[in-house]
Amino acid sequence: MDEMTDELLARIAERARDPKRRYMKAAEDEARIELPVEEIERREEEWTRRNLARSAAASGEEISAEDVERYMDEWRASRDAARRDMEAQMRAWGQTPPKTKSFIETEHYIRASSEPPGARPLQPPPTENDWKALERIVGRSVPEDLKRLYTISDGGFGPGFTGLNAVQLIGAGCEDHRRRGPDYCGTVPYSESFIPLATERLGYHYDLDTGRIISSNAHWEDEELEPDDIYAIAFQSLAAMMEDWLSRS
């Protein structure tokens, strides 16, 4: 699959309209609820206690009530200090710390966010001026298949934790990658023909020279890889990447 056909575009648009399947974290975002900060802190403490007991049981260790309370005191002090620092910074910026946040709790993790509950909505497609601004940054024309894909929305759907990047973010990300490299350490240069499309465990970049989708691994050192292994061909085309996304549950 090398072409962004009408049939493929229709299937992509249909899935993009599903708020639970719009992007990788969409179902989680849909499951979040809005709660007072105090209630979130109470639930975080209960979850941390359960997780402490679960971890001890999994390792076959016994943990005393005194050790639990000692750990919880240290955990609570660290959490409260981080919250005070964050709220102080917000006030320094002229912002008011929120009284409520969105929250999700599962057996494996808990998360609180200042983002409202629910999957991020689709946005209007990019304007011609948006595309021209990106083309000024990259120094060449943007392929029509990418423009056709973005007639669905200005990003926010497809591969990536939060979907494809909005056009403005593609431009900003391109400038940042050219300045610092794909691993943000300047280990290897960022090709003048690449533009950053999405981020999952790997980054995904459109190669304007070949039409391929190139992956980049920012964690190459942790995985004991060589700098030459930072880049790899992920998909032969944009259409192939989107077909892969459609095939995922």
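Hi everyone, let me start with a pair of helices: helix H3 (residues 37-59) and helix H4 (residues 65-92) pack at an angle of about 140 degrees, and their axes are 11 Å apart. Axes here are lines fitted to C-alpha atoms, for helices over the stretch in contact, and angles run from 0 to 180 degrees between N-to-C directions. Before I go on, this is a predicted model, where local features need pLDDT of at least 70 and side-chain atom pairs count only at pLDDT 80 or more, while totals for chains, interfaces and linings use all residues. Residues are numbered from 1 along each chain as its sequence is written, and side-chain values use heavy atoms, with hydrogens and water left out.

Back to the helices. H3 and H4 cross in the right-handed sense; by that I mean the near helix is turned clockwise from the far one by less than a right angle, with anticlockwise being left-handed. Which residues of H3 and H4 make the contact? From H3 they are Glu41, Glu44, Glu45, Thr48, Arg49 and Leu52, and from H4 they are Val68, Glu69, Tyr71, Met72, Trp75, Arg76, Arg79 and Arg83. Contact means heavy atoms within 4.5 Å. By class, the residues of this contact come out as 5 nonpolar, 1 polar and 8 charged. The classes are simple: Ala, Val, Leu, Ile, Met, Phe, Trp, Tyr, Cys and Pro are nonpolar, Asp, Glu, Lys and Arg are charged, and the others, Gly among them, are polar.

Now the whole chain. It has 8 helices and 7 strands, taken as DSSP runs numbered from the N terminus, with at least four residues of H or I for a helix and at least two of E for a strand. Along the principal axes, the C-alpha atoms fill a box of roughly 65 × 40 × 40 Å. Of the 249 residues, 41% are buried, meaning under 20% relative accessible area, with exposed being over 50% and partly exposed in between, using a 1.4 Å probe and protein chains only. If you take contacts between residues at least 6 apart in sequence, 61% join residues at least 24 apart.

Strand E1 (residues 33-36) is joined to strand E2 (residues 100-105) by 4 bridges, and leucine 35 stands opposite lysine 101 in E2. E2 also pairs with strand E3 (residues 110-113) over 4 bridges, and a hairpin of 4 residues joins E2 to E3.

Strand E5 (residues 203-207) and strand E6 (residues 213-216) share 4 bridges, and tyrosine 204 has serine 215 in E6 as its bridge partner.

Is aspartate 29 buried or exposed? Aspartate 29, in helix H2, is buried, with a relative accessible area of 6%. Its side chain makes a polar contact with the side chain of arginine 32 at 3.2 Å. A polar contact is a pair of N or O atoms within 3.5 Å; within protein, one must be able to donate a hydrogen and the other to accept it, and residues adjacent in sequence count only if both atoms are side-chain atoms. Not counting residues up to four places away in sequence, aspartate 29 touches Tyr23, Pro117, Gly118 and Ala119.

Proline 19 sits in the loop between helix H1 (6-16) and helix H2 (26-31), and at 28% relative accessibility proline 19 counts as partly exposed. Leaving aside neighbours within four places in sequence, proline 19 is in contact with Ala26, Glu30 and Ala119.

Methods. Two strands pair if DSSP finds at least two bridges between them.
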